[in-house]
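Hi,

Here is the structure I promised to pass on. Have a look at it first, and my notes follow below.

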Amino acid sequence: MKTLVEFIWEQQEKYGNATGEFSRLMNDMGIAGKIVNRDVNRAGLAEILGYEGTVNVQGESQKKLDVIANNEFIKALRNGRQCAAIISEENEDVVIFDGNIGMNAKYIVALDPLDGSSNIEVNVPIGTIFAIYKRKETGKLVTLDEILNGGIDLVCGGYIIYGSSTMMVYTTGDGVNGFTYDPTCGIFILSHENMKISDLGNIYSINEANYLYFPEGVKHYIKYCQEDDPGTNRPYTTRYIGSLISDFHRNLLRGGIYIYPGTKKNPQGKLRLMYECIPVAFLAEQAGGKASDGFKRILDIPIKEIHQRTPLFIGSRIMVEKAEALMAEYSQDFYETFMKDK
Ligand code: AHM
Ligand code: MG
């Protein structure tokens with residue numbers, strides 16, 4: 001049996017990089033995750049369900065648990081002293097720690113503290129999604145310019161899913177590993193080693209209610225999914241939870257594709273690049289899958305704003321490649337009009 005903490009230390013030693021800072025940071029993520037897990041589990045009892053009465057930067061009502069989760073992560077990361085700044089879905093601006101931590105900590109964490117929060121009241125799995133970036137230079141307080149102009153490198157992508165069991169899944173670019181939380185002793189235990197997504201699955205996940213507004217390439221892909229062809233597992237089956245992490249996690253384990261496309265009204269779709277799409281894209285690629293905006297790799301999209309959105313096509317390699325091929329065939333105009341210069 002190996003715990004999350006033991007695993008991270010082993011990894012750091014393996015790469016001759018054992019200052020312990022990254023291990024401590026991941027440990028802090030785990031601590032906050034455990035607290036949020038407790039709050040999510042007790043939500044119905046603790047009277048923390050429902051709206052907070054405030055609105056976040058996306059103009060969406062914040063649930064109490066969104067706010068609680070955001071505060072827990074900020075607190076744990078500040079106390080842990082390894083994180084210089086936080087980019088959160090719940091904060092309009094970068095949260096820059098002051099003093100020595102803000103100047104000298106090497107890492108910046110971007111996160112959606114509680115994704116899929118519209119599912120809280122209905123006992124559907126929700127999750128925390130995070131990307132960890134390493135600063136190229138320390139010794140000064142973090143600036144927005146540093147984040148948007150190549151001053152940081154992606155070093156980790158991951159999520160914590162609060163489901164029938166709670167799991168942390170992450171990658172640092174050397175494969176994907178999953179850790180299941182054992183609530184009886186309060187530790188994450190390595191349960192899913194070197195996770196791989198199959199090249200071809202048979203699940204497609206998309207909010208088909210928006211069909212009318214989808215680009216032609218996406219409409220063709222949906223029709224393709226529904227055709228009868230046993231050789232390619234078709235017709236596929238639809239599974240859409242409406243909680244990115246739950247849909248992604250299931251497709252990672254079973255094989256499948258998740259799509260949140262752009263539409264003419266919202267060409268960049270709904271999901272956020274820095275703290276939703278980049279982490280899952282890093283995981284998908286490390287698991288042998290693919291992640292694109294329909295035309296290009298998610299991990300190649302330049303970060304221009306911290307709350308930037310992007311369409312997302314992610315999952316089993318062959319399925320994403322097919323969707324991309326249909327986008328190229330039928331939605332070149334969409335690309336030229338809305339995406340070329342993004
Ligand atoms: P959120 O960050 O406000 O929770 O929104 C993101 C969520 C994703 O988890 C999910 O896949 C998607 O929004 C569902 O959106 P829709 O209801 O439009 O299908
Ligand atoms: Mg979200």
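Leaving aside residues up to four places away in sequence, T263 touches Y213, F214 and F334 (contact means heavy atoms within 4.5 Å). You'll find T263 in the loop between β13 (257-260) and α8, where helices (H or I, at least four residues) and strands (E, at least two) are DSSP runs numbered from the N terminus. T263 counts as buried because its relative accessible area is 11%; the cut-offs are under 20% for buried, over 50% for exposed and partly exposed in between, with a 1.4 Å probe and protein chains only.

Before you read on: this is a predicted model, in which local features need pLDDT of at least 70 and side-chain atom pairs count only at pLDDT 80 or more, while totals for chains, interfaces and linings use all residues. Residues are numbered from 1 along each chain as its sequence is written, chains are lettered from A and ligands numbered from 1 in the order in which they are written, and side-chain values use heavy atoms, with hydrogens and water left out.

Now the metal. The magnesium ion (ligand 2) is coordinated by E89 (OE), D112 (OD), D115 (OD) and E276 (OE), at 1.9 to 2.8 Å. Donors here are N, O and S atoms within 2.8 Å of the metal (3.2 Å for Na, K and Ca), and water is not among the atoms, so sites may look incomplete. Along the sequence, the donor residues follow the spacing E-x22-D-x2-D-x160-E.

Helix α8 (residues 273-286) has 13 of its 14 residues buried, so it is largely enclosed by the rest of the structure. Just after α8 comes G288, with a positive phi of about 95 degrees. Helix α7 (residues 244-254) is also largely enclosed, because 9 of its 11 residues are buried; among them are D247, H249 and R250. G255 follows α7, and its phi is positive too, near 95 degrees.

What lines the largest cavity? The residues are F7, Q11, Y170, T171, T172, D174, G175 and N177. Two or more of the lining residues come from each of α1 (4-14) and β8 (166-171). By class, the lining has 2 nonpolar, 5 polar and 1 charged residues (Ala, Val, Leu, Ile, Met, Phe, Trp, Tyr, Cys and Pro count as nonpolar, Asp, Glu, Lys and Arg as charged, and the others, Gly among them, as polar). The volume of this cavity is about 40 Å³, and the structure holds 1 cavity of 30 Å³ or more. A cavity is a set of points on a 1 Å grid over the protein atoms alone where a 1.4 Å probe fits but cannot get out, and lining residues have an atom within 4 Å of a point. Points are joined across faces, edges and corners, and the volume is the space filled by probe spheres set on them.

On the outside, E137 sits in the loop between β6 (126-135) and α5 (144-148) and counts as exposed at 52% relative accessibility. Its C-alpha atom is 46 Å from that of H220, which is 83 residues away along the chain.

Finally, the overall picture. The protein has 10 helices and 15 strands, and 55% of its 342 residues are buried. Its C-alpha atoms fill a box of roughly 55 × 45 × 45 Å along the principal axes. Of the contacts with a separation of 6 or more, 63% are between residues 24 or more positions apart.

Cheers

Conventions
1 Å grid on protein atoms, 1.4 Å probe; cavity = no way out; pocket = protein on both sides within 12 Å on 5 of 7 lines; lining within 4 Å.
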